[in-house]
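Have a look at the model first, then read on.

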Amino acid sequence: MDRLSVISGHFHAGASPAPIRETLTIVDNRTGRKYEVSVQDNTIKAVDLKQIKDSDGTILQSYDPGYTNTCACTSRISFIDGGKGILRYRGYPIEQLAERTTMEEIAFLLWYGELPSADQLDRFTKGLLSHANLHEDVKSVIRAHRHDAHPMGIFIAALANLGTLHPEGNPALAGQGIYKDVSVRNRHMLRILGGATTIGALILRHRTGGSFIPPNESLGFTGNFLYMLDAPSHPSNPFRPHPKLVRALDVLFILHAEHELNCSTSATRHLASSNVDVYTTIAGATGALYGPRHGGANEAVVRMLEKIGKVENIPSFLDRVKKREELLMGFGHRVYRSYDPRARIIRTVAEEVFEVLGREPMIEVAIELEKRALNDDYFVKRKLYPNVDFYSGLIYKAMGFPTDFFPILFTIPRIAGWLAHWNEFQDDPENRIVRPFQVYKGYDLRELPHTSKAARPKLVSDSALKTQTTSAERRGAVRS
């Protein structure tokens, strides 16, 4: 039999293999019909499913809450391979970028696709920092908030207000086609990112009752941010932030600058599709980042470590996690199924910060928690590895930032990524307003009853109408 196989192989050796067809054959078992759908870039177009209809003529649609397996656009900005722990900006590995570039270079790279020349970087940095001086109206918006208001709420308001000061950049006021002009886009992008550090610094100065410090354009993007945070109101000697702290925060900014179509970046593209002004777009993306499932994760890590308290409490804490009585914050990621590459870099940055400011006491708890989780089959089987949030919060805490300010430190660099996607979307030939469909499960057609309001039956339970009341409201409602 083996000899026959060999002889057969001789006859077929010269035959050309059948060409691979880049299509998907779908058989609809409801109707018995067969369809052929094109496959491009390992995706099928949802619109191609329209040819598939049931016996009543209703077209087939895909259903994907949370976009867990849906490609919403074509992009060239960043690449993630979650299984292999890969993150690249415009093709460059995040490890190399964190080691050898600055936040200014990263913003340029994300926006324009290539690293800048020395001359371009100088002009780009000057352009960014020239917009660090904010209009007095924006400062007034920040001052109008309570000193203990959440920084993200103030940031969103200030950014939206900044947009009202520039009607020439609003398609609703200046014409729907204004963003076709690249020079217009560039100006507003520089203004938003350049002003972001100032807004963040002013918010923290407002909280502490300090006076607002004007920017120092000679210190660079991240150095100027720390300067505006820490410079004394009336310095007797010129103040410069510590270079190791500047570099540490710059690396953190680089790591947070871009991460493909996460929740807030998707919000950026969603808002941009309506052609709303770029300031409102970025304010809306900031609102998405404000959510504790997204931008508040590193804050949650710090609170978890504070709750654990000591190394000896870790085993009992992990037992409660397994029983689903506690949450293990800073582990696992929607995309990564291996070690988050950013987490490895941040671990090194943490040690550099501790050299300058002293060791953060909770780092020992964090290191031991990571060690135990990575050696526990329960977490390994579930591919729960440390993510970027696990150590970043400890660095921010060591640097003296309030816990509720952590999302601001995420927002400032991520604005560079949001603007890159906003800019790319403007030139996208598939630029269309976002309008997904739903699966409707409500009532079919029903007639409005002719009975009087008094005769209507109670169809909604009173428990569904309950509203939370404060003690003061209950006190005021009491009558003698």
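## Starting point: L159

L159 is found in helix α6; helices here are DSSP runs of H or I with at least four residues, strands are DSSP runs of E with at least two, and both are numbered from the N terminus. Before going further, note that this is a predicted model, where local features need pLDDT of at least 70, side-chain atom pairs count only at pLDDT 80 or more, and totals for chains, interfaces and linings use all residues. Residues are numbered from 1 along each chain as its sequence is written, and side-chain values use heavy atoms, with hydrogens and water left out.

Is L159 buried or exposed? At 1% relative accessibility, L159 counts as buried. The cut-offs are under 20% relative accessible area for buried, over 50% for exposed, and partly exposed in between, with a 1.4 Å probe and protein chains only. Not counting residues up to four places away in sequence, L159 touches I192, I199, Y279, I282, A283 and T286, where contact means heavy atoms within 4.5 Å. As for V141, that residue is 18 residues from L159 along the chain, and their C-alpha atoms are separated by 9.7 Å.

A149 is in the loop between α5 (136–144) and α6 (151–164). With a relative accessible area of 22%, A149 is partly exposed. Setting aside residues up to four places away in sequence, A149 touches I154 and R207.

## The whole chain

The secondary structure comes to 20 helices and five strands. Of the 480 residues, 43% count as buried, and the C-alpha trace spans about 95 × 80 × 60 Å along its principal axes. Among contacts between residues at least 6 apart in sequence, 69% join residues at least 24 apart.

The chain is divided into domain 1 (19–70), domain 2 (91–288 + 411–418) and domain 3 (295–395), with bounds from an automatic or database domain assignment. Taken over C-alpha atoms, the centres of domain 1 and domain 3 are separated by 42 Å.

## A three-stranded sheet

There is an open sheet of three strands in the order β3-β4-β5, paired antiparallel. Its edge strands are β3 (78–81) and β5 (92–93), each pairing on one side only. Strand β4 (residues 86–89) pairs with β5 in the antiparallel sense over two bridges; two strands count as paired if DSSP finds at least two bridges between them. Within that pairing, R88 stands opposite P93 in β5.

## The annotated active site

Which residues does UniProt list for "active site"? The unreviewed entry lists H333 and D389; UniProt positions are given in the numbering used here, feature names are shortened, and annotations may be inferred rather than shown by experiment. They span 57 residues in sequence, yet no two of their C-alpha atoms are more than 10.1 Å apart, so they gather at one spot.

H333 is found in the loop between α14 and α15, and at 24% relative accessibility it counts as partly exposed. Leaving aside neighbours within four places in sequence, H333 is in contact with H259, R342 and N387. D389 sits in helix α18 and is buried, with a relative accessible area of 8%. D389 touches A297, N298 and V301, again not counting residues up to four places away in sequence.

Helix α16 (residues 363–374) has twelve residues and reaches 16 Å from its first C-alpha to its last, close to the 16 Å expected at 1.5 Å a residue; the expected span is 1.5 Å times one less than the number of residues. Its buried residues are I363, V365, A366, E368, L369, E370 and A373. Their cover includes α13 (297–308), α14 (314–322), α15 (341–357), α17 (377–381) and α18 (388–398).

N423 is found in helix α19 (residues 406–426) and is buried, with a relative accessible area of 9%. Apart from neighbours within four places in sequence, N423 is in contact with W111, R185 and M189.
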